[in-house]
Amino acid sequence: MNWFENLVNIINGIMWNKNLLVILLVVSGIIFTIRTRGVQFRLFAHMCQLLTEKSKVGKDDVSSFQAFCISTASRVGVGNLAGVVAAVSVGGPGSVFWMWVVALLNSATAFIESTIAILYREKDPKGGYRGGAPYFLTKGLNQKWLGVLFVIFALICWGGVFQVISNSVTESFNTAFGINTNMTSLILVVLSAGVLFGNRNKIVKVLDKMVPFMAALYLIVVFYIIVKNIGLMGTTMVDIFEHAFGVKQFLGGTFGSVVMEGVKRGLFSNEAGSGSAPCAAAAAEVEHPAKQGLIQALGVLVDTVVICSATAFVILLSNGHVQEGLGGMTLLQEAFRYHVGEWGVVFTAVILFLFSFSTILGISFYAKPNLYFLCEKEWPQEAFKIFTLIMLYWGGVRQNFLVWSLADLGLGLMTIVNMIGVFPLVSKALESLKDYEVKYFKNN
């Protein structure tokens, strides 16, 4: 199997280490921002208004807010914690600024791909709608084979992500509570099975309640930490901007790593352009395609500008000695310990569990329309649930670095296939945006 592992590493090296995907997504974010005339800035207040708007949906329908929660559940995960820690550890405070930049740009990408997903979705025989990259690649470009490739790459990615999530949770629980990895893995499997083997509405209802709760809980504690250290916030913000454009970093040859770490971690976290979130967007019962596109664009901003920033501030506001020689979840747990005491370690483990559990459910929701695209029968749906539970248990008890590489491989390839469909269809999303603005502002 060495040849296979080497092949995976070579492809990942081209996509990630050579920054092919970073360039692709940043450039597309710039292009889409220009072509939408900065929709994420112009209509930001309207996006927030849409999120609180009451929608009339049927029993089996997914509301606009629920679609936002589903996509946010997938975005808000390990990347918001360990991913941000990695960015700050490698790229320093300046990487936080570049995370903000990539989120602001790629919220336009999220708008485009989600609007396209609504335009090319189809009715689900079981109720509601289904859609996403495979559907607009087939119906918009008449390239079903690309849709099939997307699903295959997505399954590879999600299988790896399940294992990475489980491994992170078991490690943090072992540190915080001394619970062995087998027990934590079993708990995660049992809880996931209880929801996964219900109907689709069960997943939606759990996420509808869980996402706002876990985000609010995390942000409340971080807000307390910021208030407690308010005197250091000015210095911290100066550090972020100085390191983002710092002469020292430029002369020292580390400026590139500062930029790229921020960009990479921002892209990993918010998923804009990967084709995942459009699966949730397509399921929403909305009166206009652009409306859900705007809500998904807001999701990118919430994920990176708000939640990722919260994690970064916890680390940057801690004593420098806390950060020495540490990385990953250990660094974050020690930073929380520094700010709030011993219970901070436990709090971090619990939050990671909530973030991870929501991601598991969010991906499971994504998988449904993708599997139906391949086969209308029910057995692939049930097989995926079993596959999910196996990956969760296996990832919790054994760390397999090849699977981590496969997750990166799947994510990279599905992003490339997704963008192949997005670029030719961007005009459709722009027409929808223009139509929406005319109707909305004319009536208001």
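Predicted model: local features only at pLDDT ≥ 70, side-chain atom pairs only at ≥ 80, totals over all residues.
Residues are numbered from 1 along each chain as its sequence is written, and side-chain values use heavy atoms, with hydrogens and water left out. Averaged over the protein, the pLDDT is 80, and 79% of the residues score at least 70.

**Overall make-up**

- The secondary structure comes to 21 helices and two strands, where helices (H or I, at least four residues) and strands (E, at least two) are DSSP runs numbered from the N terminus.
- Of the 444 residues in the protein, 59% are buried; here buried means under 20% relative accessible area, exposed means over 50%, and partly exposed lies in between, using a 1.4 Å probe and protein chains only.
- The accessible surface comes to about 18000 Å², and 66% of that surface belongs to carbon and sulfur atoms; the areas come from the Shrake-Rupley method with a 1.4 Å probe, and for residues only the protein chains shown count as cover.
- Among contacts between residues at least 6 apart in sequence, 83% join residues at least 24 apart, a contact being heavy atoms within 4.5 Å.

**The nonpolar core**

- In soluble globular proteins, nonpolar side chains tend to be buried together.
- The largest nonpolar core has 108 residues, of which Ile 112, Trp 158, Tyr 218 and Phe 336 touch the most other members; such a core is a set of buried Ala, Val, Leu, Ile, Met, Phe, Trp, Tyr and Cys residues joined through side-chain atoms within 4.5 Å.
- Helix α19 (residues 343-374) gives the most to this core, contributing 15 residues.
- Once its neighbours within four places in sequence are left aside, Ile 112 is in contact with Phe 32, Thr 36, Val 422, Val 426, Ala 429 and Leu 430.

- Ile 360 is found in helix α19 and counts as buried because its relative accessibility is 0%.
- Not counting residues up to four places away in sequence, Ile 360 touches Phe 162, Ile 165, Leu 188, Ser 192, Thr 388 and Leu 392.
- The C-alpha atoms of Ile 360 and Leu 389 are separated by 9.9 Å, although these residues are 29 apart along the chain.
- Thr 388 belongs to helix α20 (residues 379-397), is buried with a relative accessible area of 0%, and is in contact with Phe 162, Leu 196 and Ile 360 when neighbours within four places in sequence are left aside.
- Ser 276 lies in the loop between α14 (255-270) and α15 (277-283), yet Ser 276 is buried, with a relative accessible area of 4%.
- Leaving aside neighbours within four places in sequence, the contacts of Ser 276 are Trp 158, Glu 271, Tyr 366 and Met 414.

**Aromatic rings and charges**

- The structure holds 15 aromatic pairs; rings of Phe, Tyr and Trp (its six-membered ring) pair if their centres lie within 6.5 Å, and planes under 30 degrees apart count as stacked, over 60 as edge-to-face and the rest as tilted.
- One of them joins Phe 97 and Trp 98 in an edge-to-face arrangement, 5.0 Å centre to centre with 85° between the planes; Phe 97 is buried at a relative accessible area of 14%, and Trp 98 counts as buried at 16% relative accessibility.
- Tyr 135 and Phe 373 also form an edge-to-face pair, 5.4 Å centre to centre with 70° between the planes.
- Tyr 135 lies in helix α8 (residues 133-139) and Phe 373 in helix α19, so this pair ties together parts that are 238 residues apart in sequence; both Tyr 135 and Phe 373 are buried.
- Ring pairs link Phe 97, Trp 98, Trp 100 and Phe 241 into a cluster.
- The charged end of Lys 144 sits over the ring of Phe 373, 5.8 Å from its centre, where sitting over a ring requires NZ of Lys or CZ of Arg to be within 6 Å of the ring centre and within 35 degrees of the ring normal.
- The charged end of Arg 121 sits over the ring of Tyr 129, 3.7 Å from its centre.

**Positive phi in exposed loops**

- Arg 37, in the loop between α2 (20-35) and α3 (39-42), has a phi near 60°, a positive value in a residue other than glycine, and counts as exposed at 54% relative accessibility.
- Asn 142 is found in the loop between α8 and α9 (144-177); its phi is near 60°, a positive value in a residue other than glycine, and Asn 142 counts as exposed at 66% relative accessibility.

Conventions: pLDDT = per-residue confidence, 0-100.
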